[in-house]
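Here is a brief report on the structure shown below.

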Amino acid sequence: MGKKIAWVTDTAALLDEKFIQDNQIYVLPLNIVFEEGALRETVDMTHDQFYEKLRNAKKNPKTSQPAIGEVVDLYKSLKEQGYTCAIAIHTSQHLSGTYQSTFTAAGQAEFEVYPVDSKIGSFPMMKMIKLGQQLEREGFEPGYIVERINEMADNSELSFIPANLSQLHKSGRVSGTQAFLSNLLNIKVVISFEDGKPVMKEKVRATTRAKTYVQNVLNTDLEKSIIPEVAIIHCNDEEGATAWKKALENEYPLINFSVLPLSACVAVHAGEGTLGLSWVRLPELAPLKKKKAELVTI
């Protein structure tokens, strides 16, 4: 008889409530730390409330991982519910300590956990969960499932355009001079993930050119990979994301486009109005890139 696997992630994936319920996902909320204290994303505040607080905050908030006790309690609860192990897919360890704390929490809870560093956030994390649960239904063991998810992590892309550099300056990511000149000259930057690290890839004048750069990244991947789905991701700019979606659908009729919000933790640094694209490459002819699954043993 196969193992009963619990599926765990965090709010960097920002899964919608129906997906969470339909697929029995356990979600650990990341924290936004305002002056009055830490608030758990999607639990202690809605996204509308978060953006209202962000606009009115005297000091820029910070982000933090779930409390270790909260993770331990979750794993103890899963054990009591009859799960034999968990596959925990978390945001890049270069953005949050959630992935690393999984090892400690699993040991304290005396529960078998396979931690996965998604090397990213948002849309690809949802695709990793979908792939993993499909393989579970097909009867594969956790170790093999994690190898396949790690392969997907290596083939995931997320490139975004911060609305402006003011929020990046407030969060300490760029200098005040850079932020001032960027806003004065309407300079936009493009940030992409490379091996789990957000890297500034391009500086251009105007949002249109920044979008063109991101689409060129997509075009390059389309030359060597199958990309059936692309998400237009945004920080509280559904109108802008929907307009971009319509333009993309005309240009790429064979791709299925969707609009998805980004985690509030991204908005703390990138700012309200941020837009981007995310997808997963499917190199069907490439051999499986093996990566040893990390199992937390007791």
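## Cysteines

In this predicted model, cysteine 235 has a relative accessibility of 0%, so this residue counts as buried. The cut-off for buried is under 20% relative accessible area. Cysteine 85 is buried too, because its relative accessible area is 0%.

A disulfide is a covalent bond between the sulfur atoms of two cysteines. How many disulfides does the model have? The count is 0, with a cut-off of 2.5 Å between cysteine sulfur atoms.

## The sheet

An open sheet is built from 6 strands. Their order is S10-S9-S8-S13-S11-S12, and the pairing is mixed. Which strands stand at the edges? They are S10 (197-205) and S12 (256-261). Each has a single partner strand, so one side of each lacks a neighbour in the sheet. From one strand to the next, the twist averages 20°.

Strands of a sheet pair through backbone hydrogen bonds, either parallel or antiparallel. S8 (residues 156-161) and S9 (residues 187-194) run antiparallel. They are joined by 2 bridges. Serine 159 has serine 192, in S9, as its bridge partner.

## Helices on the sheet

Helix H9 (residues 207-222) packs on the sheet. H9 touches S8, S9, S10, S11 and S13. Its direction makes about 5° with that of S13.

Helix H5 (residues 123-137) lies across S8, S11 (229-234), S12 and S13 (275-280). H5 runs at about 25° to S13.

Notes
Residues numbered from 1 in each chain as written. Predicted model: local features only at pLDDT ≥ 70, side-chain atom pairs only at ≥ 80, totals over all residues. Heavy atoms only, no water. Pairing = 2+ DSSP bridges. Helix = DSSP H or I, 4+ residues; strand = E, 2+ residues; numbered from the N terminus. Axes fitted to C-alpha atoms, helices over the stretch in contact; angles between N-to-C directions. Contact = heavy atoms within 4.5 Å. Buried < 20%, exposed > 50% of the residue type's maximum accessible area, 1.4 Å probe, protein only.
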